[in-house]
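Here are a few notes for you, with the sequence and model alongside. Skim them with the viewer open.

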Amino acid sequence: MKYIITIIILFLGLSSFSQAKDITISGYVREKASDELLIGVNIYIKGTQIGTISNSYGFYSLTILAQEAKIVFSYVGYEPIIMAQTFNKDSVINIYLESNTDLSEVDVYGNRDEKIADKAVMSVVSVPVKQVRDIPALLGEKDVFKVLQLMPGIRGGSEASSGLYVRGGGPDQNLVILDDAVVYNAMHLFGFFSVFNGDAIKSIELYKGGFPARFGGRLSSVIDMSLKDGNRKEFGGEASIGLLSSRLLLEGPIIKNKSSFIISGRRSYVDVLAAPIIASMEGGGSTAGYYFYDLNAKANYEISDKDKLYLSGYFGRDKFYSHDTWEDQTSDSKLFWENATGTFRWNHQFSNKLFSNTSFIFSNYQFVIEMEEEDGDDFSHLRYKSGIRDLGIKTDLTWVPNNKHYIRYGGAITNHLFTPSAIVYEQKGFDTELNAKELNSIETSAYIEDEWKAFNRFKVNMGLRFSNFNYNAKSYFDLEPRILASYMLTDLLSIKASYAQMSQYVHLLTSTGIGLPTDLWVPSTDRVGPQKSKQFALGMAKDFEDPNFSLSVEAYYKTMTDIISYKEGASFMMFDDPTSSEEFNYEDAVTIGKGYSTGIEVLLQRKFGKLTGWIGYTLSLTKYQFDELNNGKEFFPRHDRRHDFSIVGIYKLNEKITLSATWIYGTGDAVSLAKSTYTAYGHNPSGVGSNYPGQGLSYFNSYQTNHYGDKNSFRMAAYHRLDVGAQFKKKLKKGRERVIEVSLYNAYSRQNPFYYYTGYDHNTKQTVLKQVSLFPILPGVSYYLKF
Amino acid sequence: MKTYIYIIATFLILVLISSCEKNADIEIPDNEPQLVVAAFISSQNDTISLKVSMSHPIYYSSGSVQLNYDEVTAVVSSGGINHNLTFDNHNLTFFSDKVQFNAGDNLKLNVSYRGEKVTSECTIITEPVYDFEYLGSETKTYKDGYSEGIHKFKITCNNGNDINYYRLNSNFYMYNYWYSNYYESDLYEFAKGETRTIEIRGDHDLQADSMKVYIINCDEHYYLYHKNLGNSYEKGPFTEPIIMYNNVEGGLGIFSSYNMQLEKYEINK
């Protein structure tokens, strides 16, 4: 309550900050060549702490005293612009920044926007899309998520997986947003690649703590991505051919300087290339294959200087299929999962201080298995489906009343329709439909946050988020306070602290802990409540002027309550025999627990010069506790990783050649490994029906059992890997550019364990632990053309 | 051209499915045979029965480990009195038939074998105190024609602990001969004074004419152990393994206490 009163007082007092001589400079910042709106551009008065940044739609508003001033517009990778003049009335100034392709030539003003010490944010990872392209990748497939995994506090799942585990949280605790729409399963090929095609992405920001109040709905991270708007000046495109897939991007104006579009697609072609081989092996009676594709599209229209419309969408699908024919029998099976999102947005500028965006959002994810058999007149058909569909509306407003406050507020309402699992089985003379229950729920939220420059060196971002979730008659409410404070000890050194509470009303039931499409999204119900977390973080940020390094050190402690997991022995496949008509209720298969994660993260980064990159290290500890798992004792989740180390280096040898390398090291995963087997005896009270009658009333039943020790008490071998790459660039005629990239994944062919199994060694005649490694040294080559 | 496509396709398939397999170069902790014990003690019974066996390491071991029972020493002590258990060759069980324990007695188990020692403790539990009412039965017929009798009972736990661990084990009889058991989950946590309606299945095709329900008040060790045991069989590749409950120091197994009452009902009349 005190907090609310404080906020009201703060608001009431805002008018007192406004002074008669204040004038407001506002406008949009765009890229000169394409008119693309730029997000997060620093706008400040040179030699002062007065400044602002452009929002997610390129809009900025800066209120200053009427005076002669030098306003600097700077953004990493672009030539800064300095406007030196007398500002004595409200002005609209639209800025066009020119790309600076050689970062080493960025002048002294360019250094400022990379200072982390004076930013009122912490626990945020921001990777320039250009840098993603320079980092070597598996088979040359550039992947935004795999670059994020190289940052401290973030780890991937198993070998080559794009799954993200942030500060001890599970893969379900990441809010992945693409143009305001939630993407529920961001994986291709069982997690080897993320669904995000870097060509069409404009910006990526990952919050792992210190969450602003505008974000909510997940416990561990927010990954906020924006698609490019498309070139408003001229047509162009990009194409690339890799070993696994090819991509094509086209963009251009629909109405010059008024409207533009961008469309980007990618498809894998292993199925096409393998088809003749499979056909020759199977004699033509069988086909099988796998492919994935994704498509991003966006169009925008500028109604007026103050109103803009955007329509964007994403569709992606992974599909395995097989077809067998023999004599008069046929068998078809397919397994696919697909994401579709759509966002319609309306930007409106109420004044030079108030900006709004309203989004209508659609998101759908489904996972389907289908099997069909025909044998003469007989047939059978089995279809399993799970999924989630969202429909929502969201409004966000940005109000910049003066140069001390940057206020954001808004709200959202989303209808979630869950299908945890639906099974349809048809057979000649026998049809049944099981568990086809759809669970409908409404999630609402409202928030307000203010980035307040309390003093010259002291900034606070404080906010409050209200969230509500309704499922049937059950309703959950929560107030989530967020606060982040930053104090600059010197111009180059600051200390920061944050606290955030988060609530999560949708759960992912995962059987394997590695984020497969088989995992089920389910709502909070009267039996399974929302997950909650509290996170404290304390850190320091230090910039070094020469050489241009930045160093951040953060310590965090996060608690998580009401997290869910399958009970031991349960899985998504736990449905009853269709003949029994018994319904499987996921609520019976889950158990509720809690957990904590604590750690220290160190990041030394360089974004300028010939040699760029970073060194990251994380020391962390994560433990979970469920009353019904591991006999109620605490245990390490599979993704607990004590040490995580990464080095990323990108070296621009000259204008034509860029060399890059990454090396990562991580403590092995925590897994349960059966160490021995034994006969466990149970008590059979009556003595009848026993398989081993004993004496008197105390009879025994016997069960052959494995001894695992505590859950996940076995550590897999440590993971480490070196990737190297080289890019050869060439400028072609008419502004075209081509890049040939060669890379080596796992350059020293480390055999990292993917999983273990029990095998037999014929030499020693002993049962042994066998290790399967997925990828040895793998070359990759790709060809990229920009036109 | 076709040749090139084949070469590229073969390379891609090799790349995608290539996996390396080798013996894992990693130490496996606790990879030694361990003593395994099991005993369920009741004040209603003057016999202690104890199962003793050895676990078999899965990795890097040549064959199973055989226990030489003559070298096993098993002692249950309570209140300063030691009960040495002797081996019964017929049932392969260690036992002592001249014991008398009372609720609240603390028991200690010591088992040793060739220098290995395991210990455990439990406290003798009181009898179940409850109200029990048979509510009748209903018949459920499934699509495949199978019918099953579902018998409903109301039970109120009157034991004094905040949490009471109960097991309701039931058998069905036909003409006084055992017909079937109900193997499904039969373990319950009761708060003091809590009432539950219990459904007992297993009356296949409604052919039983009587049933016995064993109402067991057990300690937490008994409860957790049997909860794991009922789940211990493999249920598929996506399930997490069952971590067996263990209250034996230095080894594996269970040493626990229970107290049992019997209710008998005529059914399907």
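What is the order of the three strands in the open sheet, and is their pairing parallel or antiparallel? The order is 47(A)-48(A)-1(B), and the pairing is antiparallel.

1. Ground rules before the rest. This is a predicted model, where local features need pLDDT of at least 70, side-chain atom pairs count only at pLDDT 80 or more, and totals for chains, interfaces and linings use all residues. Residues are numbered from 1 along each chain as its sequence is written, while chains are lettered from A and ligands numbered from 1 in the order in which they are written.

2. Strands here are DSSP runs (E, at least two residues), numbered from the N terminus, and two of them pair if DSSP finds at least two bridges between them. Strand 47 (753–761) of chain A and strand 1 (20–23) of chain B are the edges: each has a single partner strand, so one side of each has no neighbour in the sheet. From one strand to the next, the twist averages 30 degrees (axes are lines fitted to C-alpha atoms, with angles from 0 to 180 degrees between N-to-C directions).

3. Within chain A, eight antiparallel bridges link strand 47 to strand 48 (residues 766–773). Look for A:Tyr755 there, opposite A:Val772 in strand 48 of chain A.

4. Now the hairpin. Strand 24 (residues 354–375) and strand 25 (residues 378–402) of chain A run antiparallel, joined by 22 bridges. A:Glu372 has A:His381 in strand 25 of chain A as its bridge partner. Two residues sit between the strands, and A:Gly376 takes a positive phi near 65 degrees.

5. On to chain B. Its domain assignment gives domain 1 (35–123) and domain 2 (130–218 + 259–266), with bounds from an automatic or database assignment. Their C-alpha centres lie 31 Å apart.

Technical notes
Helix = DSSP H or I, 4+ residues; strand = E, 2+ residues; numbered from the N terminus.
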